[in-house]
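Thanks for asking me to look this one over. Here are my notes, written for reading side by side with the model.

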Amino acid sequence: MWKSVDKMRCFRKRSMLPFLGFLITFLLFFNLYMDDGYVLAEKRQLGETLMHPANSDRYVHTFRDLSNFSGTINVTYRYLAGIPLPRKKYLTIGLSSVKRKKGNYLLETIKSIFDQSSYEELKEIVVVVHLADFDLVWCENLVQEITRKFAHHIIAGRLLVIHTPEEYYPSLDGLKRNYNDPEDRVRFRSKQNVDYAFLLNFCTNLSHFYMMLEDDVRCSRNFLTALKKVITSRDGSYWVMLEFSKLGYIGKLYHSRDLPRLAHFLLMFYQEMPCDWLLIHFRGLLAQKDVIRFKPSLFQHMGYYSSYKGAENKLKDDDFEEDSIDIPDNPPASLYTNINVFENYDSTKAYSSIVDEYFWGKPPCTGDFFVIIFNKSTKISRIKIVTGTEDRQNDILHHGAVEVGQKSVDTKQGRQCTSYITLGEFKGGSIEVNSVDHKIGFDIECVRIVVTASQKEWLIIRTISLWTTQPVSQFKK
C-alpha cells in the first residue's frame, strides 16, 4: 500500500511539471508583453462577460488623472478578429464604426483600402476597425461578414477588429448642452469622441504613423506611396497633423508617438465639442499653428447617410483624385533666391504641395534666379513648374528658363552649382520637361529658374514639381 501511495505522489509531481512550465512561460510572456507597452486585450466571444469585471473606481481615477499623457489608458479590449503582429508596420489605418439607421459603408471602405494598395504597400499597413456600437448582436453579425470577406487579410495580420466593452465608457447621460445642441446629438458626438480615444489608445504601438479614416470612405490608388512621398518631403520639419482630405475626420495623419496624448485629450474633453473641433485645439496646443493640408486629396467621402440619425450627408471633396501616383517626389533640398520676397511667401512654399502655399516676390530683373539645391545628387525624370494663380493670373514669369546643374561648391551665398545646362523656356508662365534623365548625362545637384527679361509684374511661383527615376528615401521610417 505504501508503495502505491509513493507511486501516486511521484505521478502527481510529474504531472505538475508541464503545468508549472506552462505557467512560468505564460508569466514571462505576459511580463514581456506588458513591458513592450502593448495594451492588454483578451479574445472572447461577444456574448461572454469579462473574466475580470471592470473596476469602476479605478477607471474613474484613470479618466480623471491625466497627468501622464504619454501613457496608454487602462482598457481591456475584445479581439473580434485578428491579433497584432510583433513587428511594427509603417502605417496603421484606424476606423471606428457604429450601427447606422440607413446604409452601411464599412465593408466598401475596407475593400477600397486593400484594393487600392499594391502587394508591397500591403506589407506596410495594418487596418484596425473599432466596432463601437453597444448592440453586441449587430457587432457579431458584422464581424462575421468581415471575416468571410477579408479572411486572408486577417490571417496575414493586416486587419484587426476590436470592441471596447460599454462598462469602460464614461457617463453619456446629463451631458453639457454646448452650442445649444439637442441632447441626442450631444450624446452622439460625445460617445464618438470616446470611441476614437479608445481606438487611438489601442493603436499606439502598432506602427510608426497613424491615419484616421471614417467608415464611409473611398481611397485613391497607391495612397500609401503618396503618403510616404509627403512624409519624406517633410523630413526635418515639425508637424503634429498632416491632412489629406478637407472633410471631417478623414485622412488625418499623426506620429504614433502622439496617439496616447491625443487619446487622453479626447477623453478629457469628450463632452465639450465634436472631435474635428477638438483636433484643431490639440494641434495648436502642440505648437502646430497652421493647417498642413495636401493636394490632391487621397480620400473621398462616399456615404449618403450620416451615422447620426441617418441624416443625408452628400459632402464631397472636390480636391480628390482617384489616381494619386502622379504626386511629385520633390527630394529634400535647400532653396535660395535673390528675388525680393513679399511678407512670408518665402521660397520653400513653392516646393511644397500644401494647399494655398506659394512663393511671391516683387518684380524680378534680368539675371535674377530661384535655385533648388538637393541634399544629395539625384536622377530627375520630369520637371513641372507653374507660376501665377487663378486670382493673380498676370503674376507669372513672362520670360525665363529652367536649368539643371552639377558640381556644387560652398560659397558665401550658400552652396551653388558651378555648371548648368538649359532644359527649356517658360511659355505662358509654365514649363514641363519630360525624360530629363535621358537628356542629361549626370546626376543632378541643382535646378535653377533664371529670369531672362525684367518685368513690371510681381512673380508667384505656385508649384515646383520634380519626379525622380527611383524613390528618394521615401520608404524611410
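1. A word on the basis. This is a predicted model, where local features need pLDDT of at least 70 and side-chain atom pairs count only at pLDDT 80 or more, while totals for chains, interfaces and linings use all residues. Residues are numbered from 1 along each chain as its sequence is written, and side-chain values use heavy atoms, with hydrogens and water left out.

2. Overall make-up. The protein contains 11 helices and 19 strands (DSSP runs, H or I of at least four residues for helices and E of at least two for strands, numbered from the N terminus). Of its 477 residues, 52% count as buried, meaning under 20% relative accessible area with a 1.4 Å probe, protein chains only. Taking contacts (heavy atoms within 4.5 Å) between residues at least 6 apart in sequence, 79% join residues at least 24 apart.

3. The cores. The largest nonpolar core has 48 residues; such a core is a set of buried Ala, Val, Leu, Ile, Met, Phe, Trp, Tyr and Cys residues joined through side-chain atoms within 4.5 Å. Leu 91, Ile 113, Leu 131, Phe 244 and Phe 299 have the most contacts inside it. Helix α8 (residues 223-233) supplies the largest share of this core, six residues. Leaving aside residues up to four places away in sequence, Ile 113 touches Ile 93, Leu 95, Ile 125, Val 127, Leu 213, Cys 219 and Phe 223. A second, separate core of 43 residues includes Phe 198, Leu 206, Tyr 254 and Ala 263.

4. Helices α3 and α5. The axes of α3 (residues 106-115) and α5 (residues 136-149) come within 11 Å and cross at roughly 30°; axes are lines fitted to C-alpha atoms over the stretch in contact, and angles run from 0 to 180 degrees between N-to-C directions. The two helices are therefore roughly parallel (angles under 35 degrees). Leu 106, Leu 107 and Ile 110 of α3 meet Leu 142, Glu 145, Ile 146 and Lys 149 of α5.

5. Helices α9 and α10. Here α9 (residues 259-268) packs against α10 (residues 275-285) at about 130°, with the axes 11 Å apart. On the α9 side, Arg 261, Leu 262, Phe 265 and Leu 266 make the contact, and on the α10 side Leu 278, Leu 279, His 281, Phe 282 and Leu 285.

Key: Buried means under 20% relative accessible area, exposed over 50%, partly exposed in between (1.4 Å probe, protein chains only). Angles under 35 degrees count as roughly parallel, over 145 as roughly antiparallel, 65 to 115 as roughly perpendicular and the rest as oblique.
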